[in-house]
Amino acid sequence: MFILIDRKREKKTKVFIPEQKTFDPIDARIRRAMKTLTADNLTGLLVEWREGDQAAFDRLMPLVYDQLRRIAHRYVQRERNGHTLQTSALVNEAYLRLVDQHVVWQNRAHFFAVTARVMRHILIDHARRRRYAKHGGEARQVSIEEAAAMSMERAAELIALEEALDELAKLDQRKSRVVELRYFGGLSLEETAEALNISLMTVRRDWRAAKAWLYRRLKETE
Amino acid sequence: MRAERWQEVETVLQDALDRPPLERASFIADVCAGDEELKTEATTLIAAYEEAGDFIEQPAIARDAYVLLGDDAHGSVGREIGPYRINERLGAGGMGEVYLANDTRLSRLVALKLLPVYFASDDARLRRFQSEARAASALNHPNILTIYEVGESDGAYFIATEFIDGKTIGELMREQELPLAEILDCVEQVASALAVAHAAGIVHRDIKPENIMRRRDGLLKILDFGIAKLLEPAKLSETPDDVHDTAGYRTHTEAGLVLGTVNYMSPEQARGLPVDERTDIWSLGVVLYEMLASRLPFTGATRMDAMVAILDREPARLSEAANNHARSAPLLQSMVDKCLCKEISGRYRTVSELLADLKTVREQLDGRAEPATEKQPGAWRLTTRLSPRFVSLFAVVLLLVIAIAGVLLYRRSTRLNQSDTTKALSTRPVKLYSQMSERERLDFIAEQEQRISSMMGDRPVKLDESAVRTIKTYVDRYASRMSGPAVEDSGSITAVYERAPPYIPLIARSFAARKVPVIIGIYLPVIESGYRPCSAGNFGAKGLYQFLPSTARIYGVSRQEMCDAEKMTPAAAHYIADHMAELGEDAQSVTLVLLSYNRGAGWVRDSLRQVRGAENYARNFWTLLANRETLDESFRKETAGYVPSFFAAAIIGENPEVFGLHIPPLSTLAGG
């Protein structure tokens with residue numbers, strides 16, 4: 001931070017000027033998109049995404065994000081009350097709020113998947129911005145609230161996990177998805193099995209192998 | 001590793017995991033016989049699995065819910081609670097969140113405090129809360145925050161009070177040292193409010209700077225009267241005989257009374273004993289001490305340490321404080337001592353006694369400026385009673401003394417003059433920076449840069465002209481801000497450097513202890529905070545070294561302690577030492593460490609990697625600067641100025657006479 005430096009003057013000199021970069025954090029983009037999307041087309045988007053349309057994911061994000069915020073809110077509230085809770089139960093509620101009762105099973109599974117993916121995006125995006133946010137650097141785009149929400153240690157941990165997960169995906173795609181659903185989506189083993197359409201036994205085995213692999217990977221980079 | 005190989009590894013891993021832990025090693029040894037790589041893979045994975053514990057078992061949301069909630073983390077803005085509509089969040093305390101709200105019935109602004117959820121789950125406490133809060137709301141005094149209403153709406157318990165547009169004493173203290181008159185005025189206002197409350201049988205129990213607000217017109221308001229008691233478990237306050245009930249004490253802690261700061265707590269509170277109005281007298285004494293000395297009387301690295309200090313330690317004398325009040329301290333010392341007596345019985349019995357003493361102190365302070373003659377008639381009486389012979393002898397002695405003193409003074413002053421001349425002869429005459437030509441300035445800066453670099457322990461690197469010019473840009477900028485009123489105007493560079501000296505010994509100690517060049521410690525605050533110990537930067541960065549609360553926490557400094565130079569300085573030294581360690585070999589260039597302080601060691605290393613192979617390559621900030629065009633934009637925009645501005649700050653601070661500053665070179669204050 002250049003406390004002693006007259007910022008107006010700096011603008012004229014052109015060199016070494018800390019300028020406000022217009023930064024577009026993921027949640028701002030999501031909030032904008034929210035305005036153009038309603039719950040009605042959720043099912044359609046889920047189908048499109050399942051069929052491999054990446055743009056559908058981008059359009060799903062705002063809806064899911066909104067639900068995630070509700071989930072987080074409830075989570076914090078219940079935590080304050082001293083209740084333990086199942087994140088997946090909250091994700092289920094979120095889904096039911098969004099769609100009518102006649103949903104096909106596969107859509108629900110995909111809703112879970114998209115929730116986990118969105119959560120991962122948001123957290124990693126936040127962690128990346130947070131990493132250099134002590135001061136200077138990109139700190140200017142991180143508000144006090146944001147900074148307080150995630151510690152530097154946590155940001156580093158998430159980024160390391162993200163990198164490890166990407167590596168794992170190259171080696172064993174399914175295991176990386178199991179981790180994504182369970183860790184970022186908060187799904188139980190059973191729901192993960194349902195979402196990936198594999199047996200519970202497979203999820204258990206994938207989970208323990210992935211956990212060992214990721215843990216070792218993170219220890220190596222420490 | 002290829003995916004096929006991973007499948008082999010996984011098969012062994014899974015089979016091993018299906019076996020009891022004790023059999024796994026021998027199983028792997030059997031299966032992997034002859035394939036060392038497979039064996040190592042399986043063994044390390046098994047070890048990782050066994051060590052992983054609950055790694056990633058808790059979903060991310062459990063830790064990161066607040067990230068999703070973002071700025072309306074508390075989701076309450078716009079919410080209606082009874083007749084109140086919440087406008088914005090003002091803050092949070094041990095007693096829950098405080099909001100600015102609109103009373104829709106009277107369309108007036110109120111401060112609305114929402115009680116923590118755990119509160120509502122305890123019926124007995126809730127009843128007590130209501131009766132106590134009503135008693136407190138009956139208090140009527142200009143210095144006590146008016147409680148409008150205590151109520152419940154949809155399960156949310158709230159207290160609506162008068163909204164004060166002002167600052168807390170804590171905030172004011174962090175901004176600047178309070179003038180003595182204001183300190184005494186503050187004590188008087190608080191004490192007179194306490195007198196009324198104590199007469200009504202209400203003890204505040206949580207007097208602290210954050211609970212005292214100053215309205216813009218100077219009127220003080222004490223917040224949260226009688227509230228702290230409500231946070232204690234019923235058992236403690238209702239059965240004072242049962243003081244050694246450890247379970248009660250535990251609840252007391254859990255209930256959140258000591259969730260806030262413990263520094264103002266009385267010894268009896270720290271021990272969980274029943275309290276009376278003398279607890280408020282203690283806490284007011286702590287506040288008084290803090291305002292006078294600009295530091296807390298009792299502190300500790302942890303809450304337990306602070307409590308131990310409260311119970312066992314005597315605070316430093318006020319006269320030892322490093323601020324303007326040290327002079328007035330002796331008059332106030334006995335008052336502070338009488339508030340901060342560990343034994344309840346040794347303190348003022350009532351606030352009125354304290355107010356009486358305060359009045360005396362004020363008179364003494366007012367009288368101090370008057371001539372001493374009238375107050376000490378004894379001296380005259382002594383001389384008049386002496387015989388004329390004695391008086392003449394006395395006159396002779398007096399003359400002699402004056403003569404000797406005169407000779408000594410004369411000799412001393414000539415010696416001083418001589419040393420001045422010799423000094424002037426040995427060094428070249430000082431030319432003011434403002435009188436130098438452009439070329440002279442550049443030469444001066446180049447020469448001084450080398451000197452500062454060697455003080456930092458850097459290998460000498462000849463700077464290219466553009467680097468020198470960059471530093472000069474900052475020197476010129478600082479020099480243009482030399483003028484201006486000294487102490488008050490924090491923007492004046494003169495003021496910045498004049499604030500620095502008291503901190504240098506602490507900085508020298510802290511940085512030397514971490515083997516970080518002391519000069520880094522001396523000049524970072526110049527560019528970070530302008531040597532304002534509580535300068536609040538963007539994003540909650542605070543203190544001399546401008547840490548963010550989260551970073552400070554990692555280095556053991558809580559958000560409340562960030563303005564405490566005693567805490568933050570060692571933390572800053574530690575932080576930089578960590579960067580030196582992280583940079584390893586690259587840390588040989590301390591200028592890189594400096595850069596890493598602003599931008600992170602990993603980033604520094606990435607940048608070095610980018611310019612490696614450049615013809616002028618050296619592991620040095622100046623190489624990065626010379627190759628800035630090849631580096632990412634953020635270097636050019638945000639980081640490139642950091643190190644040069646540091647050098648500019650150091651060049652001025654090490655050559656104060658060249659810049660017309662009346663201080664010694666700052667590094668000479670660091671001692672051996």
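This is a predicted model: local features need pLDDT of at least 70, side-chain atom pairs count only at pLDDT 80 or more; totals for chains, interfaces and linings use all residues.

Trainee: At what angle do helix α9 and helix α10 of chain A pack?

Mentor: An angle and a distance between axes describe a pair. Helix α9 (residues 173–184) of chain A packs with helix α10 (residues 189–196) of chain A at an angle of about 130°, and their axes are 10 Å apart. The two helices are therefore oblique to each other. The crossing of α9(A) past α10(A) is right-handed.

Trainee: Which residues make the contact?

Mentor: From α9(A) they are Arg174(A), Arg177(A), Val178(A), Leu181(A) and Arg182(A); from α10(A) they are Thr192(A), Ala195(A) and Leu196(A). Sorted by class, this contact has 4 nonpolar, 1 polar and 3 charged residues.

Trainee: How many residues does helix α12 of chain B have, and how far does it reach?

Mentor: Compare the end-to-end distance with the expected one. Helix α12 (residues 277–293) of chain B has 17 residues and reaches 24 Å from first C-alpha to last, close to the 24 Å expected at 1.5 Å a residue. As for burial, α12(B) is mostly covered, with 17 of its 17 residues buried. After α12(B) comes Ser294(B), with a positive phi near 60°.

Trainee: What span should helix α19 of chain B have?

Mentor: Helix α19 (residues 465–479) of chain B has 15 residues, so at 1.5 Å a residue it should span 21 Å. Its end C-alpha atoms are 20 Å apart, which agrees. Buried residues of α19(B) include Ala467(B), Val468(B), Ile471(B), Lys472(B) and Tyr478(B).

Trainee: Is Glu10(B) buried or exposed, and why?

Mentor: Count the neighbours; 20 or more other C-beta atoms within 10 Å make a residue buried. Glu10(B) has 22 within that distance, so it is buried. This residue lies in helix α1 (residues 3–17) of chain B.

Trainee: How far apart are Glu10(B) and Glu41(B)?

Mentor: Sequence and space give separate answers. Glu10(B) and Glu41(B) are 31 residues apart in sequence, and their C-alpha atoms are 9.3 Å apart in space.

Technical notes:
Residues are numbered from 1 along each chain as its sequence is written. Chains are lettered from A and ligands numbered from 1 in the order in which they are written. Axes are lines fitted to C-alpha atoms, for helices over the stretch in contact, and angles run from 0 to 180 degrees between N-to-C directions. Helices (H or I, at least four residues) and strands (E, at least two) are DSSP runs, numbered from the N terminus. Angles under 35 degrees count as roughly parallel, over 145 as roughly antiparallel, 65 to 115 as roughly perpendicular and the rest as oblique. A crossing is left-handed if the near helix is turned anticlockwise from the far one by less than a right angle, and right-handed if clockwise. Two residues are in contact if their C-beta atoms, placed from the backbone, lie within 7 Å. Ala, Val, Leu, Ile, Met, Phe, Trp, Tyr, Cys and Pro count as nonpolar, Asp, Glu, Lys and Arg as charged, and the others, Gly among them, as polar. The expected span of a helix is 1.5 Å times one less than its number of residues. A residue is buried if 20 or more other C-beta atoms lie within 10 Å of its own, exposed if 12 or fewer, and partly exposed in between; C-beta atoms are placed from the backbone.
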